[in-house]
Amino acid sequence: DMLHVGLLPQHKRWARVFKGLKYVVLDEAHAYRGVFGSHVSLVVRRLRRISRELYGSDPRFIVTSATIANPREHAVDLVGDMPTMEDEDAIRA
């Protein structure tokens with residue numbers, strides 16, 4: 001919610017951060033489901049759009065979760081891109 005309320009509406013004030021944004025970590029991704037997961041997904045897409053279109057950065061999203069049966073599909077739902085497997089236990093989008 002800090003992104004949704006504090007940073008994204010005030011993105012001009014955070015221009016230096018957006019220009020240099022390289023990584024965004026979504027920890028405990030298994031908790032982002034249902035209505036809350038939909039909200040997180042939309043905020044992530046908004047963050048990605050503002051970063052790309054206004055500041056020329058293309059941050060990499062790192063999605064982590066200790067307990068999830070379908071990590072690849074869940075990461076796609078959250079960040080909108082097809083993730084790449086880093087190893088058997090990690091997915092990076």
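**Rings and a buried serine**

Phenylalanine 36 is partly exposed, since its relative accessible area comes to 44%. Keep in mind as you look around that this is a predicted model.

How many aromatic pairs does the structure hold? There are 2. A pair of aromatic rings is described by the distance between the centres and the angle between the planes.

Start with phenylalanine 18 and tyrosine 55. Their ring centres are 5.4 Å apart and their planes meet at 20°, so this pair is stacked; the cut-off for stacking is an angle under 30 degrees. Phenylalanine 18 belongs to helix H2 (residues 15-19) and tyrosine 55 to helix H3, so the pair ties together parts that lie 37 residues apart in sequence. Are these two residues buried or exposed? Both phenylalanine 18 and tyrosine 55 are buried.

Now back to phenylalanine 36, which forms an aromatic pair with tyrosine 32. Here the centres are 5.7 Å from each other and the planes are at 50°, a tilted arrangement. Tyrosine 32 has a relative accessibility of 18%, so it counts as buried, the limit being under 20%.

Finally, find serine 51 in helix H3, which covers residues 34-55. With a relative accessible area of 0%, serine 51 is buried. What does serine 51 touch, leaving aside its neighbours within four places in sequence? Its contacts are Phe18, Leu21, Gly56, Ser57 and Pro59.

How values were computed
Residues are numbered from 1 along each chain as its sequence is written. This is a predicted model: local features need pLDDT of at least 70, side-chain atom pairs count only at pLDDT 80 or more; totals for chains, interfaces and linings use all residues. Side-chain values use heavy atoms; hydrogens and water are left out. Helices (H or I, at least four residues) and strands (E, at least two) are DSSP runs, numbered from the N terminus. Buried means under 20% relative accessible area, exposed over 50%, partly exposed in between (1.4 Å probe, protein chains only). Contact means heavy atoms within 4.5 Å. Rings of Phe, Tyr and Trp (its six-membered ring) pair if their centres lie within 6.5 Å; planes under 30 degrees apart count as stacked, over 60 as edge-to-face and the rest as tilted.
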